Amino acid sequence: MVELDIQIPSAYDPFAEAKDSGAPGAKEYVHIRIQQRNGKKSLTTVQGLKKEFSYEKILKDLKKEFCCNGNVVQDKELGKVIQLQGDQRKKVSQFLTAAGIVKKDQIKIHGF
């Protein structure tokens, strides 16, 4: 019999390259939500930013830009979450895209 030198590839993941790069199918979303407090008061929360960013510096710039108060909250399931006073959803999304932190198609705005 003739022996052939054939190597069978083992466990090839065709999407491994896409996960490493910023491909559209493998991206994580940044969620911007509004939470109603008592009366007219509300909170804007930003979650899903990459861990390599400094949340405190982003928060400082957001507070200065929008003249509002805010803080960074550590959540068990969600990780770090930025909270801002008031309804700042559109402003935050414009700020994050203008600063180059995330792309426009990576942002999901939730709320009423």
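Predicted model: local features only at pLDDT ≥ 70, side-chain atom pairs only at ≥ 80, totals over all residues.

Trainee: Which residues touch the most other members of the largest nonpolar core?

Mentor: V46, L49, L62, I82, L84, V92 and L96 do, out of 18 residues in that core. β1 (30–36), α2 (55–66), β4 (79–85) and α3 (89–98) each give two or more residues to the core. The most come from α2, which gives 5 residues.

Trainee: And V92, what is that in contact with, beyond its neighbours within four places in sequence?

Mentor: I32, V46, L62, F66 and L84. Two of these face each other across strands, as I32 stands opposite V46 in β2.

Trainee: OK, strands then. How many bridges join β1 to β2?

Mentor: There are 6, and β1 runs antiparallel to β2 (residues 42–47). Their hairpin has 5 residues between the strands, and G39 there has a positive phi near 70°.

Trainee: What about β1 and β5, parallel or antiparallel?

Mentor: Parallel, over 3 bridges, with β5 covering residues 107–109. V30 has I107 in β5 as its bridge partner.

Trainee: Switching to helices. At what angle do α2 and α3 pack?

Mentor: About 125°, and their axes are 11 Å apart. The crossing is right-handed.

Trainee: Which residues meet there?

Mentor: From α2, D61, L62, E65 and F66; from α3, K91, V92 and F95.

Methods
Residues numbered from 1 in each chain as written. Heavy atoms only, no water. Core = buried A, V, L, I, M, F, W, Y, C linked by side-chain atoms within 4.5 Å. Buried < 20%, exposed > 50% of the residue type's maximum accessible area, 1.4 Å probe, protein only. Helix = DSSP H or I, 4+ residues; strand = E, 2+ residues; numbered from the N terminus. Contact = heavy atoms within 4.5 Å. Pairing = 2+ DSSP bridges. Axes fitted to C-alpha atoms, helices over the stretch in contact; angles between N-to-C directions. Left-handed = near helix turned anticlockwise from the far one by under 90°.
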